[in-house]
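Visitor: I would like to learn how to read a protein model. Could you walk me through one?

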Amino acid sequence: MKDFRSQVEAMREELIAQRRDFHQHPELAFEEIRTAGIVAEQLQQLGLEVQSGVGKTGVVGVLDGEHDGPTVLVRCDMDALPVTEENETDYVSQTPGKMHACGHDGHTTIALAVARLLNDKRADMHGRVKFVFQPAEETGLGARAMIADGVLDQPKPDYCVGLHLWNEMPVGQVAVPSGPSMAGAGMFELHIQGRGGHAAMPHQTADPVVALAQTINAMQSIVSRNVEPTETAVISITQLAGSHAPNIIPDSVSCAGTIRTFTPAIQQLVTERMHAVAQATAQSMGCTADLQFGVSAPPVNNNAEIAARLTDGYRRIVPDITIHNDFRTMAAEDVSLFLEAIPGVYMMVGSANHERGLDYPHHHPRFDIDEEALIIGASMLASAVSEFVLPD
Ligand SMILES: [Zn+2]
Ligand SMILES: [Zn+2]
């Protein structure tokens, strides 16, 4: 494993400026036109073979070493969130209603830096690196779109690495997880059909509002009563819709939400129980339930052997960084679709700084990172790639 810290240190000001530029110009899922344009231009300037429009707004750049060897996929996401930023920095989002509140501005910056660092080593490189700049991570659709457009073919990658800046962890700490680290996610919509009427004459109706309320409560028992206590699951019902007058019992109401699990067996148990609870509860109140599951992503599953290999390397070259191998979060990430197809590791790079107030959670209007995490992230990601393509 190669140490890139001094090279990254020399790029410090550029990295911060680039991240702040992306931060000021956030773009939502599948609208990453400006971001993708900058990415493609910078990769082209390095001399990489660049393909734009992969999975709508994704960009792929291939860096070919001068010697034969494996192909490493570096995965990075580019999209922002529909959030209005409340920070008062001089690099605040210039677009009301859009914000890089998850750190993908930093990911794009880091991956571009890694392309530069490794491009300088092209002559010594045994293999190639496929840089994948993905759109639409936040909607769970981007990885799928890029895979459908053939990002995993020609050349088929042998390894996959990537990282997420992580405000749940202080800067100076990273996670190189082994096994499942981020939950599988499934989005659902539940529609309760009843029979509406006058609010003063409920006996003439089948009230879907009461049926939905009972269903939401009953679903809380699935995690606490059906899932084995040593396992993990989340059911969150987050959206309600349907009724619009205080004196009318509506015909129907609906809700939506997400489930999070770490294994296919628990995912199946949770979805089956949700169907059963929804049907039985609605029926008991004279209504019917229609529960539909939409976009889903499997858990992020990290290859244990690769995690151990990278951890050993990091302990040698960055002994001052605290490394966790047992990291887990119920947050989901569609990098899981890449890791399902290719062995690899998705690292979490601590980016919080409590003293400086840079510790708001991801997706919060005051989310911001300690930019030291850009330096740590770029050097660690470049080192991870070097482990596969640069001889010691
Ligand atoms: Zn996010
Ligand atoms: Zn994210």
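Predicted model: local features only at pLDDT ≥ 70, side-chain atom pairs only at ≥ 80, totals over all residues.

Visitor: Which residues of α3 are buried?

Guide: Count neighbours. A residue is buried if 20 or more other C-beta atoms lie within 10 Å of its own. In α3 the buried residues are Thr35, Ala36, Ile38, Val39 and Leu43.

Visitor: Where do the buried residues fall, seen down the axis of α3?

Guide: They fall within an arc of 160°, so they line one face of the helix. Here is the general idea. An α-helix has 3.6 residues a turn, so residues three or four places apart point the same way.

Visitor: Which exposed residues sit on the face of α3 turned away from its buried side?

Guide: That face carries Ile33, Glu41 and Gln45, which are exposed.

Visitor: How do the axes of α3 and α4 cross?

Guide: Look at the distance, then the angle. The two axes come within 10 Å and cross at roughly 5°. Angles under 35 degrees count as roughly parallel, so α3 is roughly parallel to α4. On the α3 side, Thr35, Val39, Gln42, Leu43 and Leu46 make the contact. On the α4 side, Thr108, Leu112, Ala115, Arg116 and Asn119 do.

Visitor: Now a strand. Is Ser351 buried or exposed?

Guide: Ser351 is found in strand β16 (residues 344-352). Ser351 has 30 other C-beta atoms within 10 Å, so it is buried.

Visitor: How many residues apart in sequence are Ser351 and Met169?

Guide: They are 182 residues apart in sequence, but 6.4 Å apart in space, C-alpha to C-alpha. Beyond its neighbours within four places in sequence, Ser351 contacts residues including Gly103, Trp166, Ile369 and Ala373.

Visitor: And for the whole chain, what radius of gyration does it have?

Guide: The chain has 23 Å. A compact globule of 392 residues would have a value near 21 Å, so the two agree. The chain holds 10 helices and 16 strands. Buried residues make up 49% of its 392 residues.

Key: Residues numbered from 1 in each chain as written. Chains lettered and ligands numbered in written order. Buried ≥ 20, exposed ≤ 12 C-beta atoms within 10 Å, placed from the backbone. Helix = DSSP H or I, 4+ residues; strand = E, 2+ residues; numbered from the N terminus. Arc of directions from axis to C-beta. Contact = placed C-beta atoms within 7 Å. Rg over C-alpha atoms; globule rule 2.2 N^0.38 Å. Axes fitted to C-alpha atoms, helices over the stretch in contact; angles between N-to-C directions. Parallel < 35°, antiparallel > 145°, perpendicular 65-115°, else oblique.
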